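The sequence and the structure are shown first.

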Amino acid sequence: MKYLRQLYISTLFWEVFIGLTATFLLAFAFPFLFGIAKIGSAIAAFLVVADLVLLFRNNQGVFARRDITDRLSNGDPNPITIYLENRYGFKTRLEVIDEIPFQFQKRDVLFETELVPNETQLLRYELRPTKRGEYSFGAVNVLVKSPLGLMKRRFQFSQNKMVAVYPSYLQMRQYELMAISNRLTELGIKRIRRLGHSMEFEQIRPYVQGDDIRTVNWKATARRNGLMVNAFQDERSQAVYCLIDKGRIMKSPFEGLTLLDYAINATLVLSNIALLKQDKAGVITFSEVIGQILPAERKAGQMQKILETLYKQKTRYLESDYETLYSYVKTHVRQRSLLLLFTNFETVNAMRRQLPFLRRLAKTHLLIVVFFENTETSLLLKTPAENTEDIYLKTIAERFFYEKRRIVKELEQYGIQSILTAPKDLNANTVNKYLELKARGMM
């Protein structure tokens, strides 16, 4: 029974079988064909037995292994590798079917290849998850055909592998590497000239060619009989909080990901950049109630805590309560902090309902409201109108387009900064804003 479960009949076998059956049927009308049919059947039976012997005499004829990390990065192409090894003494033809998680809704992960004896091969493909959570991989199925090609034998490897899909740590690492190598401009980050100095004095040191002449300390120069300058360092340990709205408005999709997932990925990237800049990073999630809370810290394990916190977040189906958010921040966030509020407003009236609480937050903290452009609306505006229906749709699209701009203008009137961005540009735009505020000393 064990071997029967591994046995598959190939297309070539059925072609031979159908041919012999047709010959036997014709033999009743033409008796001279009967002898040919018997000879053909004997030859076919011999070939089938020979094929079975070739396939089953080696219980470990092929070996396969799926190489995959324990975590996948949400919203990113994640590389998957299948290692193959032919342990038969003859050339084999292989069909490799990987049983990927049902969340991907793909049934075409099929590879066909050939291996000579003792040859190894790597098959590579990519998977892009769009939801956080646990994903279950099935078996790697390898169907083997011998040179005769009448039968197939199935081998199964790497069964029942559970993999967690986390917020986009690949994007986080990409920004981190670019920041360390001073190449953030390649990711759309602007070079911002620092305006003045922070108020955090570091030391008085001798003048070095290239120092700003405005930093010369004339009293120290007179005492030392040599040019001395004041040295400053960036202000450090400033608190940066990402406030993530988990209300129903964040359920809207864009390229497979929800707006909540875009906000989570941007939070991960920004928090890591803030820690690299010696600031403290924290997270607060909310909907109709306060959700997960991670106080802003600059400890060694803070990024891992942020990653685990963001992994668990899900959208809820009620409208978010900004009054509850304001009450919590007022009570628990005592130090003046940079608050990046990830939410979405479709109309000015929707923003005005929350405006009193936004203004109160902005009185004691530096508040930035981050919300999203409707990319479908923008695309519709660029499409020429060809009939009355198109004109009507473009009129509606223009209304929504200008509503978003009105929200930005109205927030500016009350001294609240904002970022209106397409979801795909969220990471670069939030990092740009953070670096701009640091350069201007506004934090």
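The model is predicted. Its protein chain holds 12 helices and 21 strands. Of the 443 residues in the chain, 47% count as buried. The accessible surface of the protein chain comes to about 24200 Å², and carbon and sulfur atoms account for 54% of that surface. Among contacts in the chain with a separation of 6 or more, 74% are made by residues 24 or more positions apart.

One part of the fold is an open sheet of three strands, arranged in the order β2-β4-β7 and paired in antiparallel fashion. Its edge strands are β2 and β7, each of which pairs on one side only. From one strand to the next, the twist averages 15°. In general, the strands of a sheet pair through backbone hydrogen bonds, in either a parallel or an antiparallel manner.

| Strand | Residues |
|---|---|
| β2 | 62–67 |
| β4 | 78–86 |
| β7 | 120–127 |

Strands β4 and β7 run antiparallel and are joined by eight bridges. Within this pairing, Pro 79 stands opposite Glu 126 in β7.

Helix α7 spans residues 302–311. Seven of its 10 residues are buried, that is, under 20% relative accessible area, and the helix is therefore largely enclosed by the rest of the structure. The buried residues of α7 are Gln 302, Met 303, Ile 306, Leu 307, Thr 309, Leu 310 and Tyr 311.

Notes. Residues numbered from 1 in each chain as written. Predicted model: local features only at pLDDT ≥ 70, side-chain atom pairs only at ≥ 80, totals over all residues. Heavy atoms only, no water. Pairing = 2+ DSSP bridges. Helix = DSSP H or I, 4+ residues; strand = E, 2+ residues; numbered from the N terminus. Axes fitted to C-alpha atoms, helices over the stretch in contact; angles between N-to-C directions. Buried < 20%, exposed > 50% of the residue type's maximum accessible area, 1.4 Å probe, protein only. Contact = heavy atoms within 4.5 Å. Areas by Shrake-Rupley, 256 points an atom, 1.4 Å probe, with all protein chains shown as cover.
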